[in-house]
Amino acid sequence: TVRRLRPHATTIFSEVSQLATRFDAINLGQGFPDTDGPESMIEAATRAMREGHNQYPPGTGTPELRRAAADHETAHTGLVHDPDTEVLVTVGATEAIAAAMVGLVEYDDEVVVIEPYYDSYAATVAMAGATRRAARMVRSGGELRLDVDSLRDAFSPRTRAVLVNSPHNPTGAVLPREDLEQIAALCHEFDAIAISDEVYAHLTYDGVEHVSIATLPGMAERTLRISSAGKLLNCTGWKIGWLTGPADLVAGARTARQYMSFTVASPLQLGVAHALRHEQRWIATLRQDMQVRRDQLMDTLSGVGFDLVVAQGTYFLTADPRPLGVTDAAAWCLELPERIGVAAVPFAPFTDVFSDDWSHLVRFAFCKRPEVLDEAGRRLRALQ
Ligand code: PMP
Ligand code: GLN
């Protein structure tokens, strides 16, 4: 392995999921739902396979999905994209992030990341050979906000991009418009682009609304917005995502991804296109279901004695296990599957410069059936 990737050797998600399988634990670590997406989506993909959509589709994605994704975004954000030049279908949001980084960032550029961050951000900045500069979130009252001073310190004339993620993994925070405006102001001041990971855009709770940074004044021209069908439609194993933005930025990502995967499974793209056209109601209901599950897991975890941050979005709850006597959250997470048959993910891999602020925390996913969360609750009570 090259030196710059050695710190990223095995993702925490693989590590924890392997432990969960080995000890037959309920996996509240890696974030994936345990029920399928809409039936009509699965039928459309199956039909596409039977009808002969089994060879390479166009490298940018099937026209049906590019058009459906553009229309979906217009309906939800008001942003209008040309499906031919401003939409790129990718192998999940993961490839979209990597392609944006490799295709748009030079070796001597800097990329601002906000800690804690989804782990692929640091790894893809390293793949691009660029330098990572860290800002941080802070707890303010019961809320998580951007620490604007740290953000300003992280920007410099060498900043090419900032990675923005709201709703935010791992904390479940939804950045308010004022925080996004601060990021946007710095992008303008330093002529940087925003790579905006919005895979949980449709999963916000308690009436909190997601704002896309691409909708702020002057930002549509300098933002790549990243989406994941896996999160939108409960099909994380299909690995379909897309990015949208101005043609010049999409072209950078497209150039890189031509040599990563070239394209994405054709029948699955057609299934997702069908769902974006016909299953908007299903997508709206998912948010309500997830809010109920969040509440269920919050009740369980607070009953067991964890301190919690209320998740305003995503699949994830941030829990502080120190009231249970835990002193090393990372080690504790790796023992948990064997000890009580539940898996969770530590925050440590999501931080670097500001790890002192975060590494005592753990993340639990609540995107599971109520009966599974019930059983997880029974097992977690063994910690009391
Ligand atoms: N970004 C964030 C914030 C995520 O949580 C995930 C994982 N679900 C991804 C990107 C990757 O998404 P995908 O599974 O579509 O590659
Ligand atoms: N995005 C999911 C999570 O945060 C899964 C990530 C992965 O497996 N790479 O848990």
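**A helix across a sheet**

Start with helix H11, residues 280–304. In this predicted model, H11 lies across strands E10, E11 (316–320) and E14. The helix runs at about 10° to E11.

Now look at the sheet itself. Four strands form an open sheet in the order E10-E11-E14-E13, and their pairing is antiparallel. Strand E10 (307–309) and strand E13 (345–346) stand at the edges. Each has a single partner strand, so one side of each is left without a neighbour in the sheet.

E13 pairs with strand E14, residues 362–365, in the antiparallel sense. Two bridges make up this pairing. Across it, Val-345 stands opposite Arg-363 in E14.

Next, the wider annotation. An unreviewed UniProt entry lists residues 25–376 as "domain: Aminotransferase class I/classII large". Over residues 25–376 the chain is 41% helix and 18% strand. The end C-alpha atoms of this stretch are 9 Å apart.

Step back to the whole chain. Its secondary structure comes to 14 helices and 14 strands. The radius of gyration is 20 Å, close to the 21 Å that the globule rule gives for 384 residues, so the chain is as compact as a globular protein of that length. Along the principal axes, the C-alpha atoms fill a box of roughly 55 × 55 × 45 Å.

Last, the ligand site. Which residues are around ligand 2? They are Thr-11, Phe-13, Gln-30, Gly-31 and Asn-169. This shell divides into four polar residues, one nonpolar and no charged.

Key. Residues numbered from 1 in each chain as written. Chains lettered and ligands numbered in written order. Predicted model: local features only at pLDDT ≥ 70, side-chain atom pairs only at ≥ 80, totals over all residues. Near = placed C-beta within 6 Å. Nonpolar A, V, L, I, M, F, W, Y, C, P; charged D, E, K, R; others polar. UniProt positions renumbered as here; feature names shortened; annotations may be inferred. Pairing = 2+ DSSP bridges. Contact = placed C-beta atoms within 7 Å. Axes fitted to C-alpha atoms, helices over the stretch in contact; angles between N-to-C directions. Rg over C-alpha atoms; globule rule 2.2 N^0.38 Å.
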